[in-house]
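These are my notebook entries from a first reading, kept in the order in which I looked things up.

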Amino acid sequence: MKLPLLEELLKYHDEKNLLLSMPGNKCGSAFLGNEIGEEFVKRLGFLDITEVDPLDNLHCPEGVIKEAQELLAKTYNAKKAYFLVNGSSSGNLAAIFSAFNEGDEILVERNCHKSIYNGLILRKLKVKYIEPIIDNENGVFLPPNRENIYKALSCCKNVKGIILTYPNYFGITYDIEEIILDLKKKGLKTIIDCAHGAHFGINKRLPKSVSSLGDYVVLSAHKTLPALTQGSYLLGNEENSMLEFYLKTFMTTSPSYLIMGSLDYARYYLDNYGDKNYEKLIDRAEIWKEKMESTCKVHILNKFDLNKQYKDKRNNKFEQYDIDLSRYVLILPEGYSGHKFLDYLRSKKIQAEMSFSRGVVLILSPVNTDDDFYKIYKAILDLDIENIAGDSGSKYYNTIPEKKFEPHEVFSLDSELCEVDKCKNKIAKESIIPYPPGIPLICPGEIISEEAIDIIKDYIVNKRSIIGVENNEISVVKLV
């Protein structure tokens with residue numbers, strides 16, 4: 001009898017890779033910094049229990065869960081806070097259903113999580129997308145700027161709200177506070193997907209926290225904090241009697257006490273150790289950054305790279321882009337592949353978070369020691385860069401295609417499969433998402449252009465992942 005998943009999981013653990021990817025608990029090692037965390041790990045397999053009398057009930061908290069969530073709200077300076085055991089996806093869905101009604105028109109950042117797109121369909125919303133910004137010099141995409149947000153806003157007829165991502169997958173942020181406050185004055189509901197920013201604001205050298213700004217803010221604790229996978233937080237800053245109903249709707253009725261316990265620990269960790277430990281991590285990361293760049297094989301992205309090129313045309317000031325110093329965005333010279341670099345690091349037992357056209361992203365953690373940083377440095381030093389030369393096969397696309405149907409309208413239409421070469425001017429039934437970078441090339445209801453087909457073929461030829469394309473075919477709307 002075989003156990004294919006379990007056997008492979010145990011095999012991977014035996015490799016003892018340096019984990020510079022999710023989850024933030026780093027396969028348990030991030031719990032080992034104090035006595036209560038060590039005890040949690042020691043008993044992990046024996047704490048899996050259901051709702052029994054002294055342990056409260058997530059769907060009707062009156063005791064210890066209520067107390068833990070009140071402490072969480074205080075940490076993030078939010079009016080209310082909730083544990084999520086189905087990941088941030090459940091929080092995004094609950095926020096969308098609470099904030100908007102069927103038929104509402106909303107602004108959505110193009111680079112958002114799949115769960116947001118699912119929410120747009122389920123809630124039957126009218127969507128106006130905000131164009132992404134491409135930084136071709138560094139090979140990364142950036143958050144939308146003020147100009148792009150207000151340009152999209154001016155095209156709306158009766159907009160009810162906006163959904164933004166902060167930070168993006170590269171850890172890049174921007175000066176969002178003034179924009180959010182202005183949009184709220186205009187009467188827009190704001191949902192902010194802060195999946196990669198649960199640690200923001202705990203130390204002055206990290207980007208600002210926006211936890212008290214958005215009407216709904218979703219934080220993936222499991223991505224950067226010592227919490228178990230699927231453990232997230234939803235913060236609510238507006239009074240809405242329906243929020244708790246939708247939370248119960250989109251979350252399991254059998255919540256994991258292992259996940260909830262880890263969420264309580266992640267908040268405790270931030271309160272007691274976060275500031276000091278992130279200060280030490282950033283100090284260490286900055287020292288090793290210089291050593292890695294001295295090899296002349298990689299450049300580590302910084303905020304000066306981002307801000308020197310982009311001006312805000314509204315006030316002729318530089319965009320205030322910032323970057324999370326608790327992660328590395330390693331960029332290779334032109335002509336070298338980030339995807340091959342990821343494979344190389346993996347061969348050196350270093351697990352990166354993701355690759356992109358010219359580099360990789362590494363999520364650092366306060367548990368990383370000088371030995372860990374030396375391991376990264378040594379891998380870069382030993383790299384024969386010519387072995388990772390070649391076309392990355394990844395192009396970015398920042399044009400919003402023409403939309404024929406709203407995403408929810410497409411959902412109920414008949415579809416057919418169409419070869420990629422024959423899809424020009426067809427209407428996409430499903431999202432087409434090159435990964436990386438993870439920005440939808442085409443969303444449901446949009447027309448497939450010749451330029452988009454060229455990019456799809458480029459990914460196929462270079463054997464890169466592109467969601468929504470299978471066996472060289474795309475699902476398109478079957479028009480009668």
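Predicted model: local features only at pLDDT ≥ 70, side-chain atom pairs only at ≥ 80, totals over all residues.

Entry on accessibility. I took buried to mean under 20% relative accessible area, exposed over 50%, and partly exposed in between (1.4 Å probe, protein chains only). Lysine 186 counts as partly exposed because its relative accessibility is 48%, and aspartate 182 is partly exposed too, at 26%.

A search of the whole structure gave me 23 salt bridges. In one of them, arginine 146 pairs with glutamate 178, the closest N and O atoms being 2.8 Å apart. Arginine 146 lies in helix H6 and glutamate 178 in helix H7 (residues 177-185), so this pair ties together parts that are 32 residues apart in sequence; I read helices (H or I, at least four residues) and strands (E, at least two) as DSSP runs, numbered from the N terminus. Is arginine 146 buried or exposed? At 13% relative accessibility arginine 146 counts as buried, whereas glutamate 178, at 51%, counts as exposed.

I then looked up aspartate 215, which forms a salt bridge with lysine 184, with 3.8 Å between the closest N and O atoms. Here too distant parts of the chain are linked, since aspartate 215 sits in the loop between strand S9 (189-193) and strand S10 (216-219) and lysine 184 in helix H7, 31 residues apart. Aspartate 215 is buried at 7% relative accessibility, while lysine 184 is partly exposed at 29%.

Entry on the domains. The chain is divided into domain 1 (56-249), domain 2 (275-388) and domain 3 (407-477), with bounds that come from an automatic or database domain assignment. The C-alpha centres of domain 1 and domain 2 lie 26 Å apart, and their contact (heavy atoms within 4.5 Å) takes 33 residues from domain 1 and 33 residues from domain 2.

Together these two domains bury about 2800 Å², 51% of it on carbon and sulfur atoms, where buried area is the accessible area (1.4 Å probe) that two parts lose on being put together, summed over both. On the side of domain 1, Asn138, Phe170 and Arg205 lose the most area to domain 2, together 23% of what that side buries.

How many salt bridges are there between domain 1 and domain 2? I found the count to be two. Arginine 205 forms a salt bridge with glutamate 279, the closest N and O atoms being 2.8 Å apart.

Last entry. Asparagine 111 lies in the loop between strand S3 (105-109) and helix H5 (114-122), and at 2% relative accessibility asparagine 111 counts as buried. Not counting residues up to four places away in sequence, asparagine 111 touches Phe141, Thr165, Asn168, Tyr169, Gly438 and Ile439.

Definitions and conventions
Residues numbered from 1 in each chain as written. Heavy atoms only, no water. Salt bridge = Lys/Arg side-chain N within 4 Å of Asp/Glu carboxyl O.
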